[in-house]
Amino acid sequence: MIAYLEHFVHGNDTESMPNDDVLGVEGSFHFGATAAGCKDFGGMKSAKPLAVIRPADAADVARAVKAAARTANLTVAARGNGHSINGQAMAENGLVLDMRAMEDRFTLLSIDGSLHVDVSGGALWEEVLKRCVSEFRLAPRSWTDYLGLTVGGTLSNAGVSGQSFRYGPQTSNVTELEVVTGKGETIVCSETQNSELFFATLGGLGQFGIITRARVPVQPAPDMVRWIRVVYSEFEDYTRDAEWLVTLREGYGFDYVEGFVFVNSDDPCNGWPTVPTGPNQRFDPARLPSTAGPVLYCLELALHYRNEDHPSAINMEVDRLLGRLRFVEGLKFSLDVTYMEFLLRVNRVEEDARANGIWDAPHPWLNLFVSKSHIAEFDREVFKKILKHGVGGPILVYPLLRSK
């Protein structure tokens with residue numbers, strides 16, 4: 001049953017608002033408390049919904065969608081954790097489904113010898129991580145950098161991170177979905193069952209269905225991570241090393257390869273202070289060559305290991321890989337953290353941003369896939385010219401394999 005509906009009152013025009021008979025759902029109504037449905041993380045757009053619905057399960061989602069389908073102009077938007085940037089989680093005078101309200105769902109399954117977890121579409125990935133690791137020492141293979149996002153939300157987009165070069169995005173690491181279609185039908189789909197809906201929904205931006213459950217493959221989770229950042233002054237060296245690292249076979253390279261562009265200055269938001277991994281580490285600009293330009297580059301790397309692995313073996317493997325790289329000598333930052341601490345490292349950034357108000361500021365965001373043949377020109381014209389003073393936030397740039 002739907003937990004409750006929250007309505008916006010448009011002046012005194014209460015006749016324009018649906019009641020439980022029109023919607024065909026059961027639930028209690030709370031007026032004038034839909035502020036959360038009016039905004040998203042992007043902070044650039046705002047739209048007042050007619051109602052915010054907090055569904056307890058897929059049946060509630062289906063009832064709401066069916067109700068909207070029976071009307072001429074009533075739209076529906078699924079809202080996960082509100083991390084959209086251009087109003088995708090809003091519905092002007094429509095229904096916003098607060099997917100975080102869905103009942104907790106977490107089931108470990110063994111299918112044909114492989115382990116999977118069934119999780120709610122409204123579950124946060126950090127919740128999935130904590131339960132998988134703490135209860136079973138297992139983990140999904142592919143993540144996003146920020147895990148305060150819902151399962152259904154990232155699977156409706158892509159879910160790309162530093163593991164994507166090896167396992168592909170999160171949309172390539174799900175074997176089954178439960179989806180509520182635009183007709184309000186609840187359908188289970190996979191590569192072999194209702195496959196057209198399955199592939200349309202994955203990365204479909206919520207336009208082909210609302211994900212209410214996902215089946216995600218899991219594998220043994222490492223205990224620890226050697227977290228490394230190395231700095232480059234030359235883009236050619238940076239891309240050469242990054243491209244080499246993502247071509248190494250599993251077991252012969254790093255388990256995480258990502259990177260970012262930062263400003264060659266002491267700007268605390270865009271420059272040198274954004275690079276060190278630990279509180280006692282310091283970026284020494286004297287290490288930079290005199291030829292360094294307005295922006296610098298950082299490769300962020302991680303090597304997984306188990307508690308029983310000998311430290312000398314980990315050091316030897318890291319030295320073997322780093323020995324091939326052309327980063328600036330003396331600008332290497334390293335930290336050993338638990339696997340969960342590494343994956344939740346952005347939480348610390350979020351806490352700082354919330355404390356100083358940056359988290360609630362407008363967040364324009366753009367993701368681009370640029371071909372290898374054009375990335376050097378992109379660096380010259382965009383990074384070194386247009387963005388040479390930074391953007392007040394991260395500029396991520398890292399290699400992905402087309403085969404993934």
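Where pLDDT is low, the predicted coordinates should not be read in detail. For the chain, the mean pLDDT is 91, and 92% of residues reach 70 or more.

Two notes on conventions. This is a predicted model, in which local features need pLDDT of at least 70 and side-chain atom pairs count only at pLDDT 80 or more, while totals for chains, interfaces and linings use all residues. Residues are numbered from 1 along each chain as its sequence is written, and side-chain values use heavy atoms, with hydrogens and water left out.

Next, the sheet. Helices (H or I, at least four residues) and strands (E, at least two) are DSSP runs, numbered from the N terminus. Two strands pair if DSSP finds at least two bridges between them. On that basis, 5 strands make an open antiparallel sheet, in the order 15-12-14-13-16. Strand 15 (332-338) and strand 16 (395-396) are the edges, each pairing on one side only. Inside the sheet, strand 12 (residues 224-232) and strand 14 (residues 295-305) are joined antiparallel over 9 bridges. I228 has L301 of strand 14 as its bridge partner.

Which strands does helix 7 touch? Helix 7 (residues 235-245) packs on the sheet against strand 12, strand 13 (256-263) and strand 14. Its direction is about 20° from that of strand 14; axes are lines fitted to C-alpha atoms, for helices over the stretch in contact, and angles run from 0 to 180 degrees between N-to-C directions. Helix 11 (residues 375-386) also packs on the sheet, touching strand 13, strand 14 and strand 16, at about 100° to the direction of strand 14.

T338 lies in strand 15. Not counting residues up to four places away in sequence, T338 touches D223 and M224. T338 counts as partly exposed because its relative accessibility is 30%; buried is under 20%, exposed over 50%, partly exposed in between (1.4 Å probe, protein chains only).

Last, the cysteines. C38 is buried because its relative accessible area is 10%, and C189 is buried at 0%. The disulfide count is 0, a disulfide being a pair of cysteine sulfur atoms within 2.5 Å.

Technical notes:
Contact = heavy atoms within 4.5 Å. pLDDT = per-residue confidence, 0-100.
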